[in-house]
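This report covers the fold, the nonpolar cores and the charged pairs of one protein. The sequence and structure come first.

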Amino acid sequence: MATKRRPDSGISFVIPVFNEENAIADTVRRVIDQMKKLDRAYEVIVVDDGSSDGTFGAASTIKGITVLRHPSNSGYGRTLKTGIANANFELIGIVDADGTYEIEKIPELVAAIDDGFDMAVASRSNIAKRDSMMKRLSRWLYIMSIRILVGRDAQDPNSGLRVFSRSFVMTFFPFLCNSFSFTTSLTVFAFGGSYFVKYVPSQYEVREGKSKVRHIRDTLRTIQLIVQGVTFFNPVKLYLLLAAAHVAFVALPSLLLWSCVSVAAGTTYLTAGSLTILLLGLGALGDIVRISMIRSSGNVDFEHDPGALKNPASASAGDTTKGVG
């Protein structure tokens, strides 16, 4: 049974931003409104990922928050890592600043954490209505792939509104993606590690501004992250899947080529296909070994992130805003 957490523990809410000057102020206001309802200590950390518009200036004018800034654009996940590494409280909340998420669900998410869940996620129940037919199909295939590989019900694996414990996320910090797929990698590792995850139904609205998602690149990166998670927690499943893929896409087609074309064609296909499957398996295993060695070596301090620039002198008395102009 999960252990309930103290309801008086503080919460750090991290808001990653990149070129969101028109939406950041409203997002922060809505987050603070919900934080005040919780009657507990809190902080709001805005991390500007090298925006080229007036996002940093707009955020810096908001009193009572901390503003960090990357010197250049480094990715959605890297931005969240900066905020998490600089957070002061054990509970961490995250939300995108594009106006799509139902921020008013924050109290329900925090309540789930207080009840013992390691992570609470706002599941966007109406997102299919916002998607095109092709995107709806690709999202369904994406979610089903995660469910099959991790063996858990991943309702909305890449939702950008969630609350979790800092100790939980720091366990997998070096494995988490620096790009758009950060939330997916966090979901995969949560399921792989048998952590308790709660989904809270929410609504999804039309975003402010233009999406920064690059679908082909981010989809390929997400597949890589899922493979990493499965290799880390259940390597037998991955290699069984590779074996099945070898039979279906290499061995059987090779037999067909031997019978219908020539022995040389079948042998060539078998050799090339077998080497491809072997290299995929070795690559997945090698990546996990690499990250595990980095994590265990202690050469990287995951408790402090020097990547965000801060200028304490820019904060006036009573203003917790920090950044570089």
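By about how many helical turns are Arg29 and Asp26 separated in helix H1? Arg29 and Asp26 are 3 residues apart in H1, which means a separation of about one helical turn.

The model is predicted, so local features need pLDDT of at least 70 and side-chain atom pairs count only at pLDDT 80 or more, while totals for chains, interfaces and linings use all residues. Numbering starts from 1 along each chain as its sequence is written, and side-chain values use heavy atoms, with hydrogens and water left out.

**Overall**

The protein has 11 helices and 7 strands (DSSP runs numbered from the N terminus; helices are H or I with at least four residues, strands E with at least two). Of its 325 residues, 46% are buried (under 20% relative accessible area; exposed is over 50%, partly exposed in between; 1.4 Å probe, protein chains only).

**Salt bridges**

A salt bridge is a side-chain nitrogen of Lys or Arg within 4 Å of a carboxyl oxygen of Asp or Glu. The count by this rule is 7; the table gives some of them.

| Pair | N to O distance |
|---|---|
| Arg29 and Asp26 | 2.5 Å |
| Asp33 and Arg29 | 3.3 Å |
| Lys105 and Glu108 | 3.2 Å |

Salt bridges link Asp26, Arg29 and Asp33 in a network. Asp33 and Arg29 are both in helix H1, 4 residues apart, or about one turn of the helix. Arg29 is partly exposed at 43% relative accessibility, as is Asp26 at 35%, and Asp33 is partly exposed with a relative accessible area of 33%. In the other tabulated pair, Lys105 is buried at 17%, whereas Glu108 is partly exposed at 41%.

**A buried lysine**

Lys81 belongs to helix H3 (residues 76-85). Its relative accessible area is 9%, so Lys81 counts as buried. The side chain of Lys81 makes a polar contact with that of Asn178 at 3.0 Å (N or O atoms within 3.5 Å, one able to donate a hydrogen and the other to accept it; residues adjacent in sequence count only if both atoms are side-chain atoms).

**Nonpolar cores**

A nonpolar core is a set of buried Ala, Val, Leu, Ile, Met, Phe, Trp, Tyr and Cys residues joined through side-chain atoms within 4.5 Å. The largest has 33 residues, of which Phe13, Ile15, Val31, Val46 and Ile106 touch the most other members. Helix H1 supplies its largest share, 6 residues. A second, separate core of 30 residues includes Val47, Met119, Val169 and Tyr199.
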